[in-house]
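I kept each entry brief.

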Amino acid sequence: MPTQQIFPGASMRAVGYQHSLPVSDADCLQDIELPTPQPSGRDLLVEVRAVAVNPVDTKLRLATAPEAGQWNVLGFDAAGVVVAAGDGATLFRPGDAVWYAGDRRRAGSNAQYQLVDERLVGARPATLDFAAAAALPLTAITAWELLFDRLGVARDPARSGESLLVLGAAGGVGSMLIQLARRLTGLIVIGSASRERSRAWVEGLGAHHVVDHGRPLDAQLHALGHTGVDYVTSLTHTDQHFAQIVECLRPQGRLGLIDDPQAIDIRALKPKSLSLHWEYMFTRSFFGTEDMVAQHEILQQLAALVDAGEIRTTLGEHYGEINAVNLRRAHAHLESGAAVGKVVLEGWGEAGA
């Protein structure tokens, strides 16, 4: 693999910020230029073709600011083309089309070129274009790890009888959980949605049933013929639903969550011997775990499922080119809580346009 400098002395376009500001402030995300990074070790230098925006982007923008005079570049989901690789990289070579969700410790994908460890990267599904592919990695990895690594659900479609309740099923992670559970397990999948549009989205993804998380859950489950569920994945507002989750879970059931509830009393889990499992997609990359390459392997398996027609992209809206104006629109849309599916941006347009 080449180790010489790529584009020596060149700069690249990016979108970044220097201060944590509300999305209504034009300076919360700005068009900037930065030096083009150089790969080493197991890094790939990827030309970013498309990105998706996630709730974590908006949270980080509001909660973390760089040192004075520096820029933070956000973005995790990306699809692009490898243009160079470090001397320790073996999984990909220049010219390969890839997709990935990145690493919280490093500069993000809202830039023309990005460095990413090859162990976090997969080959882009051949049947998806860059925009459709960019919608999937972060939520798909999160859903996969939550379902199989954290909750320990068996990957066996023939094993039936157990049930899964997905709270917040119309979002990015919920959309992937429904598809993976339907295709790879024998679970009865119940999604929650509170609006007609999101209900139709969840049904279209394959949920057996849809309930309204704005109404008492246990009564709705009983009306469907379920006296409880074996697994619950709570993807947002866990603190608001916690008492109902405990009520809905069968004895010895399992609760998985990804959000940050302010206050839940886990002692409520004791009478039923319920277990709590937290999923954080960045754990492997943040701590450099020995099994970090698992995310490469997950993405490879996901690409095969996409290309086989087993799961589909969760692209909800295409916001045009990657620039500060469009990214501010995307952040505002996610902060509104009205997003269904993923918001994607693609291409960099003409410099100076």
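I took contact to mean heavy atoms within 4.5 Å. Helices (H or I, at least four residues) and strands (E, at least two) are DSSP runs, numbered from the N terminus. The model is predicted, so I note that local features need pLDDT of at least 70, that side-chain atom pairs count only at pLDDT 80 or more, and that totals for chains, interfaces and linings use all residues. Residues are numbered from 1 along each chain as its sequence is written, and side-chain values use heavy atoms, with hydrogens and water left out.

Entry 1, helix pair. I looked up which residues of α3 meet α4 and found Thr139, Ala140, Thr142, Ala143, Trp144, Leu146, Leu147 and Phe148. Their partners in α4 are Gly172, Val173, Met176, Leu177, Leu180, Ala181 and Leu184. By class, this contact has 12 nonpolar, three polar and no charged residues (Ala, Val, Leu, Ile, Met, Phe, Trp, Tyr, Cys and Pro count as nonpolar, Asp, Glu, Lys and Arg as charged, and the others, Gly among them, as polar).

I then read the geometry: α3 (residues 137–150) and α4 (residues 172–184) pack at about 55 degrees, with axes 8 Å apart. Axes are lines fitted to C-alpha atoms, for helices over the stretch in contact, and angles run from 0 to 180 degrees between N-to-C directions. The two helices are therefore oblique to each other (under 35 degrees is roughly parallel, over 145 roughly antiparallel, 65 to 115 roughly perpendicular, the rest oblique).

On a 1 Å grid over the protein atoms alone, a pocket is an open set with protein on both sides within 12 Å along at least five of seven lines, a cavity is a set of points where a 1.4 Å probe fits but cannot get out, and lining residues have an atom within 4 Å of a point. Grid points are joined across faces, edges and corners, and a volume is the space filled by probe spheres set on the points.

I found about 1400 Å³ in the largest pocket. Of its 50 lining residues, Pro55, Lys59, Leu235, Thr236 and Ile258 are the closest to its centre. Helix α1 gives the most to this lining, with five residues. The lining divides into 22 nonpolar, 19 polar and nine charged residues.

I noted one cavity of 30 Å³ or more; the largest cavity holds about 50 Å³. Val153, Ala154, Asp156, Arg159, Glu162, Thr185, Gly186 and Leu187 line the largest cavity.
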